Structure formats: structure tokens, C-alpha cells
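Hi everyone, thanks for coming. Let me put the model on the screen, and then I'll walk you through a few parts of it.

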Amino acid sequence: MRPHYSPRPASVGSAVAVFAATGLAALVAIWISVVWVARKDSTRSAVLDARDIAVAKSTTVAPVLSDGILRDDPAALARLDTEVRNKVLSPRTVRVKIWSEEGRILYSDDTPLVGQRFPLGPSERAALLTGSSLAHVSDLTEPENARDHHFHKLLEVYDGMRTTGGTPVLFEAYLRMSSVTAESRRTMASVAPAFLAGLALLLLVQIPVAWSMARRLQRGREQEKRLLHRAIEAGAVERRHIAADLHDGVVQALAGNAFSLAAAAGEAERAGMGEVARTVGTAAAELRQTVRELRNMMVAIAPPRLHQEGLATALADVVSPLQRRGVATTLSVEPVAISRGAESLVFRAAQEALRNVTYHADASHVGVTVEGTKDTIRLRVEDNGVGFVPGQGETSRETGHMGLPLLAELAEEAGGRLDIHSRPGAGTLLVLEVPVR
Ligand SMILES: Nc1ncnc2c1ncn2[C@@H]1O[C@H](COP(=O)(O)OP(=O)(O)OP(=O)(O)O)[C@@H](O)[C@H]1O
Ligand SMILES: [Mg+2]
């Protein structure tokens, strides 16, 4: 089921707007990825930078790292503290901890931490045991960093050392994010305007090109539509000529012949030639039937009485061939004051719908109703046939099925709409609504 059968293409303005919006989205995505890559890179540089500094600083405290600190010897701790405060702490290096292998804080410039225990992670243990170093961005939510929350972002560097007596301990320093990141932020800020302006300019110069391409496409489509309508109109005019020629020529002649034959049959009857009279009478009746069929065909190719006698009569003419095929039909037409254009459109739609019922629906019943309000007229053609899936491949204009798409276009042009409700096995309902004026 697809409620609306709309052929409307996107306008040039909205096509260009979509183009510009996607371009802008791409621009934002490019900028975000550039910033992300630059930030990652500067963090990596900052970490390496911090490690070099911290390792250099750990070396300066090595001589005062006596075994006394393992036993909380106040003199040893005081010596270490003086060295740390004089040579290690700086505006950048904000915290120092020295850990035992068991995860006890042997020394920290933040005295309340001394004596506390926190489990060491595997990589920290490895650094402690092998005497190597490692650095990463601090997780300030970890319990051991509870007192350092006020530092916005820190790097922590570990360096495995030995006391003067040879016991492995872990030196840990916390450094503020280095000037490397500040530097990179400054660089980004200075290149950003030029970079973004370049991308925006690229987008801007593409917009007129996109605009002209969209216009050209739209013009092509409009031209195609005009040609199509001209072809339809030409077809309609041609059909009217054929119908008129048939009516004035062949049909009149045949009707005259039927009349003459009927008269001849009467004369033969009166002359007592019963056999001849019957043969000629039968021929006259067959000829009259042929004339009737020809007239029906003429109604189908050009509705001569539409505007003179109104929709009801013209529709009755279109419905009757279905009746003769054994399809039960109901027709109800409310009298509505309606413009010629709307009347032609309703007629044309009914004709196409009933043609579709005849060729595709295999229906046993079809109902046609025309009802009007003050402003619109609504045609409904409903059958109980096989149904279909509207708008799919075999019902599209590209595959040569023109009836419904053309009708949808005509409806839209007249300011109305065409809706097709159908499902395989569930019959089909076509609804056309057009303004009466
Ligand atoms: N009442 C219906 N019942 C079942 N199938 C239908 C009905 N109306 C349309 N269809 C299906 O929709 C298709 C498209 O219809 P449409 O009128 O657009 O084209 P067509 O009738 O195939 O060809 P054209 O109208 O150009 O001669 C049909 O081929 C048919 O498969
Ligand atoms: Mg059709």
C-alpha cells in the first residue's frame, strides 16, 4: 500500500540546500578529525617529554634514597624531603611519591599520604622490579590520587630505582600537561581560521556549480514533461479526428446500409420472399450491432458528449463495456458544478482506472463514485480484483507503464492529488481529488 502517487521532483533550492548541508557536515567532520589527531599527537609528545624530565629528576634524588626510608626513619625522610623540595618539585612537577614493592607509600611531599597502601598495577610493578620507566595520563579518580583532584590534568611518570642499600623502590612524579599541548593548541588556533576558511571557500565555489547543474536537470525535466503533455494532447486531438471521421464516414454509411437492409427485408417480406427477408433481416440486425459497437469504441477513443451531456452520461458510456464483459458495476455521480478542465481530468482518470480494471484486475465488481464539496470533486474507482503493489518496478513510468504516473502528474498540475490504495489480493481503490475550478 502506498497512499500517494506523487511524481514531484525536488526543487532546485532544496537540492542545493541538501548539497550545502552535506558539505558543511563534511567540513565539521574533517575539522573534528583534524583536532582529534592533533590532540592525540600532542598528548603523546607531552607524555614522552614528561618521562624525560621525571627520569632526570629521579636521578637527582638517588643519592639520598637511603634504606632509612624503608623503616620510616625521620632523619632519612627529612633528607629526602629537602632534596625533593629543592630539586624536584617545580611549577610543572607537582607531586612526588616513592613506593615500596608491597604498594606502601614510603615518602610523599604530601605528608598525609605516607604510610598508606594502594595496590600497584602490573606495569608499575614491572617498572619497579626491572628499573625501567613508564608514563601516562593520570586517572585522577583513582583512590591514590584523591588528594590531587584540583589538578585538572596530570601526567604520571614511574621510574624503578634502588635505595642506597639495593632495595627496589618506585619513584613516581606527577607533572602538569606540558607546554607541548599548549603549543599545539596555539598552532591549531592559528591555522584554524585559514584551514576552515579554505574549506568553506571550496564549499562556496561549488554551490553555484551545483545550482546550475540542478537547474539544468530541472529544466530538462520540465521540457520532458512539456513534450509528454504535447504528445498526449496531440494524441487526444488525433483521436478526436479519427472518431469524427469514423462518425461522419464509416459509421454513418453503415447505419444507412443497416437502414436500407431493414427496408429491403420489409419489402421482401411483403413480396412473399420469406427466406430472403429473413436473411436480409439478420444481416440488417448484425449491421446495427456492429454500428453500436463502433459507437462504443468511439466513446472510448474520444468522449464526444462529455461537456454537452455531463460526466454522468460520459461515465455511463465508459462503464457499460465492463458490464457487457460480465463485471457487476455501480455508478453514482453527484451533480457538481465543475470546470471543463476538472471534468476532463475526472473523466480521463475514470477511463484509465476502468481500463486498468479491464486489463489487470480480473475483478467481478467495480464501483465508480463521483462526489463533490464546495471546492473539490472526488472520484473513487474501487474494484475487488487481484490488486498490486503501487509504485513498484512493473508499475513505474521507466518500464513503460504510463497510465497512473501520467494521471498523478495531471492531478498535481491541476492542484489536486491521486492516491492509489492496493495490495495483492485485496483489490484496488483509486481516489482522485481535484479543485472544481
Ligand atoms: N485495478 C488494478 N488491479 C490490478 N493491477 C493494477 C490495477 N491498476 C493498475 N495495476 C497494475 O499497475 C500497473 C501500472 O498501471 P498503469 O496504468 O500505470 O500502466 P499500464 O496499465 O500497465 O500501462 P498503460 O496504462 O501505460 O497502458 C499495471 O501494469 C498493473 O500491473
Ligand atoms: Mg493503465
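Let's start with a question: which helix gives the most residues to the shell around ligand 1? That is α8, with 4 residues. Helices here are DSSP runs of H or I with at least four residues, and strands are E runs of at least two, numbered from the N terminus.

A word on the ground rules. This is a predicted model, where local features need pLDDT of at least 70, side-chain atom pairs count only at pLDDT 80 or more, and totals for chains, interfaces and linings use all residues. Residues are numbered from 1 along each chain as its sequence is written, while chains are lettered from A and ligands numbered from 1 in the order in which they are written.

Back to ligand 1: 17 residues surround it, the closest being Asn-356, Ala-361, His-401, Gly-403 and Leu-404. To count, a residue needs its C-beta atom, placed from the backbone, within 6 Å of the ligand. Helices α8 and α9 each supply at least two residues of that shell.

Now, how do those two helices pack? The axes of α8 (residues 340-361) and α9 (residues 403-413) come within 11 Å and cross at roughly 160°. Axes are lines fitted to C-alpha atoms, for helices over the stretch in contact, with angles from 0 to 180 degrees between N-to-C directions. The pair is therefore roughly antiparallel, the word for angles over 145 degrees. On the α8 side, Leu-345, Ala-349, Glu-352 and Asn-356 meet Gly-403, Leu-407, Leu-410 and Ala-411 of α9, with contact meaning C-beta atoms, placed from the backbone, within 7 Å.

Methods: Parallel < 35°, antiparallel > 145°, perpendicular 65-115°, else oblique. Contact = placed C-beta atoms within 7 Å.
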